[in-house]
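Welcome, and please take a moment to look over the model below.

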Number of protein chains: 2
Amino acid sequence: MQEAVALRVGLLGFGTVGSSFAEVLAATGADVRITRIFNRDVERKKSHERAKFVGAEVKWTSDATEVVTAEDVDVVVEVIGGLEPIEGWLTTAIHAGKHIVTANKQLIAYRGATLLALAAEKKVHLLYNAAVAGGVPVIPGITQGLSGDKITRISGILNGTCNFILSAMEKGAEYADVLKTAQSLGYAEANPSADVDGFDARAKLCVLSRLALRAELNPDEVPAQTISTVAAIDFAYAKELGCTLRQVSRAEVAGGKVHARVGPMLVPKEMPIAWSHDTQNMVVTSGEFGGDVVFSGHGAGGHPTAVAVTSDVLRIAAGAAAVRFPATASSVDGDVTAPHYIRFVVADQPGIVAAIAGALAKYNVNIDSLLQHRGYAAEKLPFVVTTEPCLRSTLERAVAEIAALEYMLEAPLVLQILTSDDHATD
Amino acid sequence: MQEAVALRVGLLGFGTVGSSFAEVLAATGADVRITRIFNRDVERKKSHERAKFVGAEVKWTSDATEVVTAEDVDVVVEVIGGLEPIEGWLTTAIHAGKHIVTANKQLIAYRGATLLALAAEKKVHLLYNAAVAGGVPVIPGITQGLSGDKITRISGILNGTCNFILSAMEKGAEYADVLKTAQSLGYAEANPSADVDGFDARAKLCVLSRLALRAELNPDEVPAQTISTVAAIDFAYAKELGCTLRQVSRAEVAGGKVHARVGPMLVPKEMPIAWSHDTQNMVVTSGEFGGDVVFSGHGAGGHPTAVAVTSDVLRIAAGAAAVRFPATASSVDGDVTAPHYIRFVVADQPGIVAAIAGALAKYNVNIDSLLQHRGYAAEKLPFVVTTEPCLRSTLERAVAEIAALEYMLEAPLVLQILTSDDHATD
């Protein structure tokens, strides 16, 4: 007999996102268990490499109705997508008193108002953070952190496939070639229309409009312009205008209407929206009181999307029972292994570099570069040494020796140089 | 007699943030009322320009104990700051069954574990989204949206004053001058030590470490390096290294320890952390499954901080009663007034520009620039016209006429040019 758990999950779909959810949920160590999984071709899915992340006692089925009304399911997690037959299944689940977590943007964009009203009536949660911008918590940010503001505009990079294509074209690739690459990497479907023609981004924009602008839109009314007519020449001209090209989704409240549009636009390089590269997503909200807030990160992919789904499940679990992640008292290590910048100010004389290099070598600190700008007086000469990654505490011992040299006019300034892959080490 | 409201607020502090909170709360239209306000020198505060945002029936007092135990207070909002006497007041309030919303980073960093445990025991909410990064919803993002991930590192720009100073120095200002400017603008205190020496950022880093890394740190153990020794020469050398300088706060879990540090660091210009300018704040979380997520926006100031405080109050109100912001069905207007880019491909011949300019003029569309790169064959010549802001629908009618000209080889491509101040117009 199974022990009691805080929350039991019925999972609809064991593809990339569903199997990643099983892995991410297991990694949390939370008292939440997947009890049932629906997928077509159950036998093939049972041998999926991530099937090891669900317990042996899980019940696999190719009949979704066995999941959505099951006694041993508290929350239905849906990661299949599309309107039908999903809407019917989730409606049945809500009527059966199940909470819902879904990553389905089309469903929430087109049927969200109805489903949310039904969930409120039946007093169950319907959470869908994964439906927009995958692993970027823009929905909790808006609903929990910005509910006090009056948001008047949303601008976003909401489709990672288009961003991948346009970022690659920015670097010189041709549309047809990069679309093929996107398809081979699994970023784009064989029929790429939903992505490149803007229908995917449009659905997400409508989900955000409901939450941020409190405006219920019909996605079909939002103009969507394809990116497929953008050519290399447009990037060349855009560059000349100080811009790049991105598929931008925008909605703004003005004069009692919502002005909304999705399509390729020229974006000045200094605007945050131009910062998104590859498959990244970004959302910029503009609030009357709080100004612009930027959210950015991985908008798609199994693991980032699974993080959003898992976080929703944990939120429901936290309401249902005590699923807590207490912080543990931790000792601080202020040391770091990183490249460093050291600025010296000296009264110049022969032998200084040799003395500094010698002191650093004594502590096994390797010099990466030596920088000296012209135009400073020799009596008070600033120059810089950068190091290869080294332990800060070791470096400071070496610098303390150097600081004692008689021609040092100021205490040397030691600064860490951030790198995108630096890590603390023990 | 007053009508019943969903939630009654006792406000501690009616300075910049407290009075902004009164304004922002009133603007939400939520069924939440400020019933009591504590401040020194009540008579002066009553004549504050934002006092109009609280009802005439509010009870002003210079005795905080009259607020924290009052019968007509459901939630105590604290926006004064500092450890004492605040900790005592809020402890009393929790014992009296009041929910707490605070913007106090020092209190949450140093006493948060104790206060949160007490709040859990007394079954009241203790929310503090405003304590880190002001109006940027990084705490809801982490706790609600990323709880499913294993976050291993936080990097941030957590002190707007230091960012203001270092951004200005990047453009050539001297430290002493820009510090004076920051003080005259109210960004820095007369004694700027808490900001420039990293103590403010360190407290915020510890608040984030508890939530994101689930590690309880003693702020006093985190090394904090001052920015006051950074000089213009360091920006010159940093630039040569492809970097800029920022006050960076970092904490990372590795080998069972937390490696943490606050101080000026060299930041490569392509890293998101280099994007923050002026008083902006930024937090980058790095998760095992979700990768890097960026949050950015206004980290301080009365209104952005008030948005965070108000959002917390509304979250408590939503639990206490039905405070909902239903989305209203809205019509979509896909039109936009903006500058546009039009790319033509023509078989070149005399008179084309005149024809295009004439067609645009007929619709009152003004040309901003005409771009033509060299090196294309005259038989298939691409060139670009950019327009001043115009209504898209009008522009498309003009372009339809132009598209019918016999030397047009392709349908002209019309793209909106984003501007930082463009707005939908009616």
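How many residues of chain A are in contact with chain B? Counting contact as heavy atoms within 4.5 Å, 113 residues of chain A are in contact with 113 residues of chain B.

Before going further, a few words on how to read the values. This is a predicted model, in which local features need pLDDT of at least 70, side-chain atom pairs count only at pLDDT 80 or more, and totals for chains, interfaces and linings use all residues. Residues are numbered from 1 along each chain as its sequence is written, chains are lettered from A and ligands numbered from 1 in the order in which they are written, and side-chain values use heavy atoms, with hydrogens and water left out.

## Where the two chains meet

The size of an interface is often given as the accessible area lost when the parts come together. Here, chain A and chain B bury about 9,300 Å² between them, 58% of it on carbon and sulfur atoms. Buried area is the accessible area (1.4 Å probe) that two parts lose on being put together, summed over both. On the side of chain A, the residues that lose the most area to chain B are Y237(A), F289(A) and L418(A), together 9% of what that side buries.

Polar links also cross the interface: 30 residue pairs are in polar contact between chain A and chain B, both residues being at pLDDT 80 or more. A polar contact is a pair of N or O atoms within 3.5 Å; within protein, one must be able to donate a hydrogen and the other to accept it, and residues adjacent in sequence count only if both atoms are side-chain atoms. Strand β10 (residues 257–268) of chain A gives the most to the side that touches chain B, with 10 residues. Helices (H or I, at least four residues) and strands (E, at least two) are DSSP runs, numbered from the N terminus. By class, that side of chain A has 56 nonpolar, 34 polar and 23 charged residues. In this scheme Ala, Val, Leu, Ile, Met, Phe, Trp, Tyr, Cys and Pro count as nonpolar, Asp, Glu, Lys and Arg as charged, and the others, Gly among them, as polar.

A salt bridge is a side-chain nitrogen of Lys or Arg within 4 Å of a carboxyl oxygen of Asp or Glu. The table shows one pair across the interface and one inside chain A.

| Salt bridge | Closest N and O atoms |
|---|---|
| R343(B) and D234(A) | 2.5 Å |
| R36(A) and D72(A) | 2.6 Å |

R36(A) lies in strand β2 (residues 32–38) of chain A and D72(A) in the loop between α3 (65–68) and β4 (75–78), so this pair ties together parts that are 36 residues apart in sequence.

## How the copies are related

Two copies of a chain are related by a rotation about an axis and a shift along it. Chain A can be laid on chain B with an RMSD of 0.1 Å by a turn of 180 degrees and a shift of 0.0 Å along the axis, which is the relation of a two-fold axis. The copies are superposed by least squares on the C-alpha atoms of residues with pLDDT of at least 70 in both. The same surface serves both copies, as 100% of the contact residues of chain A recur in chain B.

## Strands and sheets

Strands pair if DSSP finds at least two bridges between them.

Within chain A, 6 strands form an open sheet with parallel pairing, in the order β3-β2-β1-β4-β5-β6. Its edges are β3 (59–61) and β6 (126–127), each with a single partner strand, so one side of each is left without a neighbour in the sheet. Inside this chain, 4 bridges join β4(A) to the parallel strand β5 (residues 99–102), and E78(A) has T102(A) as its bridge partner.

## A backbone detail

Most residues other than glycine have a negative phi, and most peptide bonds are trans. The peptide bond from E84(A) to P85(A) is cis, with omega near 5 degrees, and P85(A) sits in the loop between β4 and α4 (86–95) of chain A.
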